[in-house]
Amino acid sequence: MAFARTVLSATLAFSLVACGGGGSSSSAPPVNVSPTPTPPPATGGDSCSLANRQQFVRDVLNEWYLFPDLLATNVNAANYTDIQDYIDALVAPARAQSKDRFFTYITSIKEENALIQNGSSAGFGIRLGYDTSANRVFVLEAFEAGTGFQAGMDRGTELLTIGGQSVASLMSSGGPQAVINALGPSDPGLSRSFTFRTREGTERNANISKTEFSLDPISDRYGVKILNDGTGPVGYINLRTFIVQDAGPQLRTAFQQFKNQGITKVILDLRYNGGGLVSVAELLGDLMAADKSGQVFSKTVLRPSKSSENEVDRFTAQSEAISATKIAVIGRGGTASASELVTNSFIPYLGNNLALVGTNTFGKPVGQFAFDRSACDDRFRAVAFKTTNANDQGEYFTGLASVVQRTCAANDGIFEALGDPNETSISAALDFLGGRTCTPISGGQDQTMQSAGNRQQLLQPRIPTPAQREVPGLF
């Protein structure tokens, strides 16, 4: 979930990122961030020893962490055998204030770069959510290049068995983690037998293998549509992720269609979008703001000792851009970071003509630098900046519902296709755009997904893969 720019040195690279649960590097134009931090000296023969890795992350945090006063000073590195557990202990004071909810983490350079450059991910290509009240697991979205979709799974499919084990029994005995364990690691070639029921009611059995597949950021089936709110045309776009570089060209093509149709009202369906590259977030903003060129899109703010690196990003003219007069953003608990950044950036300009539809969002107005140690395949993503809009608003750690002036509560209609105007959230978005009334999101409608009256949450492991950080619920 994210923004990103990259700076390289002979020994270390770091990139600016803001993601829902994690981070992402980028081949976006570099920014000058100096002094470039250097890895700490090795204290033994193995530069990738646990002790050296611990020193590295500690030194990075001491220099760059956005909340220097919220770093634990009494953590004994010798008490930790896992590098991520050690990182979690160092940033625990910030986490206690909900300012760093596991946003600071260690990951693989190789895996993350493959995701960003190619949208590459190993799995079944399905996004899963679980019903918190009835021990059921559903497919919320299926990627067309994945083996799950090719075997007949799609939005609204219910998983009944995995490897001969009842999903209901797994949920009742071990909760969501038992289902995650049954699905197995993200290894190409790993296969599982499934029994599943499609949203049409057909029950099927299939043996499905995990493969490397490409994450298409905008579906060819439902990603771009022209709808009608009863008063005129509406441009609907479902952006799955900001993390894949190919999102830029696809967004340009979509908005050229909107421009050709004279569209000024837009539905941004970001209900599961965990974020991605800042270059993509900025482009999406530009494509809706033909009339705002040169005005402030967002501001990037570092800790006081690094204030010389603060930046102001401005809307840039794009040939495909429209002048959006009214925007409905569909969001849910998995909507984070770059998705929230784009929404927050339009608050000063649209006011009551901008609405959050669905439930509250994740709440991540901060982002990460990525510090690389290539010899160890370590990429350390540390929270190092926050983002604000033109009015310096950006403290939405509890989600966007606390800052967006208009909100419309809506369930996630998983038994209707995405892009369908009859789907509950899309219908509510059309009501807002058409000037009809809606029920505001209340405190009781938190960062969960709702369907047919049942509460659902994205199925997510405690330590997700790079792809799962950016595409929550992906398996």
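Q: Which residue in β6 does Ile126 stand opposite?
A: The model discussed here is predicted. Strand β5 (residues 126-131) is joined by 6 bridges to strand β6 (residues 136-142), and the two run antiparallel. In that pairing, the residue of β6 opposite Ile126 is Ala142.

Q: Which residue takes a positive phi in the hairpin of β5 and β6?
A: The hairpin of β5 and β6 has 4 residues between the strands. A positive phi near 55° is taken there by Asn135.

Q: Why is strand β5 described as largely enclosed by the rest of the structure?
A: Ile126, Leu128 and Tyr130 point one way from β5, while Arg127, Gly129 and Asp131 point the other way. Both sets are buried. Strand β5 is largely enclosed because the buried residues number 6 of the 6.

Q: Which residue of β13 stands opposite Leu227?
A: Strands β12 (residues 224-228) and β13 (residues 233-238) pair in the antiparallel sense over 5 bridges. They form a hairpin with 4 residues between them, and Gly230 in the turn has a positive phi of about 95°. Across the pairing, Leu227 stands opposite Val234.

Q: Is Arg381 buried or exposed, and with which residue does its side chain make a polar contact?
A: Arg381 lies in strand β21 (residues 378-388). Its relative accessible area is 0%, and since buried means under 20%, Arg381 is buried. At 2.7 Å, its side chain makes a polar contact with the side chain of Glu112.

Q: Which residues have the most contacts inside the largest nonpolar core?
A: The largest nonpolar core has 51 residues. Elements that each supply at least two residues of this core include α4 (109-118), α7 (247-260), β14 (265-269), α8 (278-287) and α9 (338-350). Another core, of 29 residues, lies apart from it, with Leu71, Ile106, Leu302 and Val366 among its members. Within the largest core, the residues with the most contacts are Leu268 and Met288.

Q: Against which elements do the buried residues of α8 pack?
A: Helix α8 is largely enclosed by the rest of the structure, because 9 of its 10 residues are buried. Among them are Val278, Glu282, Leu284 and Asp286. The buried residues of α8 pack against α7, β14, β15 (275-276), β16, β17 (311-314) and α9.

Q: What distance does helix α1 reach from its first C-alpha to its last?
A: Helix α1 (residues 50-64) has 15 residues. Its buried residues include Phe56, Val60, Leu61 and Trp64, and the buried residues of α1 pack against α2 (83-90), β3 (105-108), β16 (296-302), β20 (366-373) and β21. At 1.5 Å a residue the expected length is 21 Å, and the span of α1 from first C-alpha to last is close to this, at 21 Å.

Q: What separation do the C-alpha atoms of Leu350 and Thr325 have?
A: Leu350 is placed in helix α9 and counts as buried at 10% relative accessibility. Not counting residues up to four places away in sequence, Leu350 touches Ala324, Thr325 and Ile327. Leu350 and Thr325 are 25 residues apart along the chain, yet their C-alpha atoms are separated by 7.1 Å.

Q: Which residues does Asn352 touch, not counting residues up to four places away in sequence?
A: Asn352 lies in the loop between α9 and β19 and counts as partly exposed, at 44% relative accessibility. Asn352 and Lys326 are 26 residues apart in sequence and 8.7 Å apart in space, C-alpha to C-alpha. With residues up to four places away in sequence left out, Asn352 touches Gln405, Arg406 and Phe432.

Q: What percentage of the residues of the protein count as buried?
A: The secondary structure comes to 11 helices and 24 strands. The accessible surface is about 16900 Å², of which 47% belongs to carbon and sulfur atoms. Of the 475 residues, the share that counts as buried is 59%.

Methods: Residues numbered from 1 in each chain as written. Predicted model: local features only at pLDDT ≥ 70, side-chain atom pairs only at ≥ 80, totals over all residues. Heavy atoms only, no water. Buried < 20%, exposed > 50% of the residue type's maximum accessible area, 1.4 Å probe, protein only. Polar contact = N/O pair within 3.5 Å; in protein donor to acceptor, adjacent residues only side chain to side chain. Core = buried A, V, L, I, M, F, W, Y, C linked by side-chain atoms within 4.5 Å. Expected span 1.5 Å × (residues − 1). Contact = heavy atoms within 4.5 Å. Pairing = 2+ DSSP bridges. Areas by Shrake-Rupley, 256 points an atom, 1.4 Å probe, with all protein chains shown as cover.
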